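Subject: Structure handover

Hi,

Here is the structure for you to look at. My notes on what turned up follow below it.

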Amino acid sequence: MTFQLTKLPYDRDALEPHISARTLDYHYGKHHKGYVDKLNQNVAGTNYEDMVLEDVVRTSFRKKDTSVYNNASQAWNHTFLWDSMKPNGGGRPTGALTGLINEQFGGLDGFHNEFKESATGQFGSGWTWLVADDDTLAIVSTPDADSPLTTDTMPLLTLDVWEHAYYLDYQNSREEYVDAFLENLINWDFAQANLEALDAQSRLSASR
Ligand code: FE
């Protein structure tokens, strides 16, 4: 079995003017595709071929199969990233997320500030995540290819803070890119759906 490059959930120019089609041509068409291609080369003829991508990430992390891990994790992270944004995104969260954001960050402004601080504070390449940690929310940044998949927390949404994600549009200003994400692109529906899936899962395991 080979791993497939997931389809971009919108046209390559759909996030303009905040993220250009040129950036998505490179970021999706070259970088994301490159991770999937390298992963397929790395796993050919191994047990990893028969696993779902999440299990490849977790197993290769545990076994310290660094090249498999880096490419599998980057393949997974980028799919999660595309869903974390949408055309005409931004605005306010819906459903149970609203209360949790108020509780944890004192409101949407507090969330924006903490997310921005974490994203701009991540030195070098990495990712910034909103995660569910038991009954609370948290913002964490991870270096390079790392993600919450190898921890006990559950990712709800992410932003790629590698330079390749923003350099063509914002040059070295990661700050402007993070602002554009928070104000115009963030897909709260995706985060809410991930939270609901997690609630359903924990209800299921509690009733066993
Ligand atoms: Fe990237």
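**Helices α2 and α3**

Helix α2 (residues 53-62) packs with helix α3 (residues 66-83) at an angle of about 145°, and their axes are 9 Å apart. Before going on: this is a predicted model. The crossing in which α2 passes α3 is left-handed. On the α2 side, the contact is made by Leu 53, Glu 54, Val 56, Val 57, Ser 60 and Phe 61. On the α3 side, Val 68, Tyr 69, Ala 72, Ser 73, Ala 75 and Trp 76 make it. Sorted by class, the residues of this contact are nine nonpolar, two polar and one charged.

Which residues of α2 are buried? They are Leu 53, Val 56, Val 57, Thr 59 and Ser 60. These buried residues pack against α1 and α3. Just after α2 comes Lys 64, with a positive phi of about 55°.

Asn 70 sits in helix α3. Its relative accessibility is 32%, so Asn 70 counts as partly exposed. Between Asn 70 and Asn 47 there are 17 Å in space, C-alpha to C-alpha, and the two are 23 residues apart in sequence.

**The iron site**

Which protein donors does the iron ion have? They are His 27 (NE2), His 78 (NE2), Asp 160 (OD) and His 164 (NE2). These donors lie 1.9 to 2.1 Å from the iron ion. What makes the arrangement tetrahedral? The four donor atoms subtend angles of 89 to 133° around the iron ion. For four donors to count as tetrahedral, all angles must lie between 85 and 135 degrees, so the site qualifies.

Along the sequence, the donor residues follow the spacing H-x50-H-x81-D-x3-H.

Are His 27 and His 164 buried or exposed? Both of them are buried. For His 27 the relative accessible area is 2%. The cut-off for buried is under 20%, so His 27 falls within it.

His 27 also has contacts beyond its neighbours within four places in sequence. The partners are His 32, His 78, Leu 81, Trp 82, Asp 160, His 164 and Ala 165. Among these partners of His 27 are His 78, Asp 160 and His 164, which are also donors of the iron ion.

**Helices α5 and α7**

The axes of α5 and α7 cross at roughly 145° and come within 10 Å. This crossing is right-handed. From α5, the contact is made by Phe 111, His 112, Phe 115, Lys 116, Ala 119 and Thr 120. From α7, the residues are Arg 174, Glu 175, Val 178, Asp 179, Phe 181 and Leu 182. The contact of α5 with α7 has six nonpolar, two polar and four charged residues.

Helix α7 (residues 174-185) has these buried residues: Arg 174, Tyr 177, Val 178, Ala 180, Phe 181, Leu 182 and Leu 185. They pack against α5 (108-121), β3 and α6.

**Backbone points to check**

Most residues other than glycine have a negative phi, and most peptide bonds are trans. Some places in this model depart from that.

- The peptide bond from Glu 16 to Pro 17 is cis, and its omega is near 5°. Pro 17 is placed in the segment before α1.
- Asp 134 is not a glycine, yet its phi is positive, about 55°. Asp 134 lies in the loop between β1 (126-133) and β2 (136-143). With a relative accessible area of 72%, Asp 134 is exposed.
- Gln 171 is not a glycine either, and its phi is positive at about 50°. Gln 171 is in the loop between α6 and α7. Its relative accessible area is 40%, which means that Gln 171 is partly exposed.

Best wishes

Key:
Residues are numbered from 1 along each chain as its sequence is written. This is a predicted model: local features need pLDDT of at least 70, side-chain atom pairs count only at pLDDT 80 or more; totals for chains, interfaces and linings use all residues. Side-chain values use heavy atoms; hydrogens and water are left out. Axes are lines fitted to C-alpha atoms, for helices over the stretch in contact, and angles run from 0 to 180 degrees between N-to-C directions. Helices (H or I, at least four residues) and strands (E, at least two) are DSSP runs, numbered from the N terminus. A crossing is left-handed if the near helix is turned anticlockwise from the far one by less than a right angle, and right-handed if clockwise. Contact means heavy atoms within 4.5 Å. Ala, Val, Leu, Ile, Met, Phe, Trp, Tyr, Cys and Pro count as nonpolar, Asp, Glu, Lys and Arg as charged, and the others, Gly among them, as polar. Donors are N, O and S atoms within 2.8 Å of the metal (3.2 Å for Na, K and Ca); water is not among the atoms, so sites may look incomplete. Four donors count as tetrahedral if all angles lie between 85 and 135 degrees; four count as square planar and six as octahedral if opposite donors are over 155 degrees apart and all others between 65 and 115; anything else is irregular. Buried means under 20% relative accessible area, exposed over 50%, partly exposed in between (1.4 Å probe, protein chains only).
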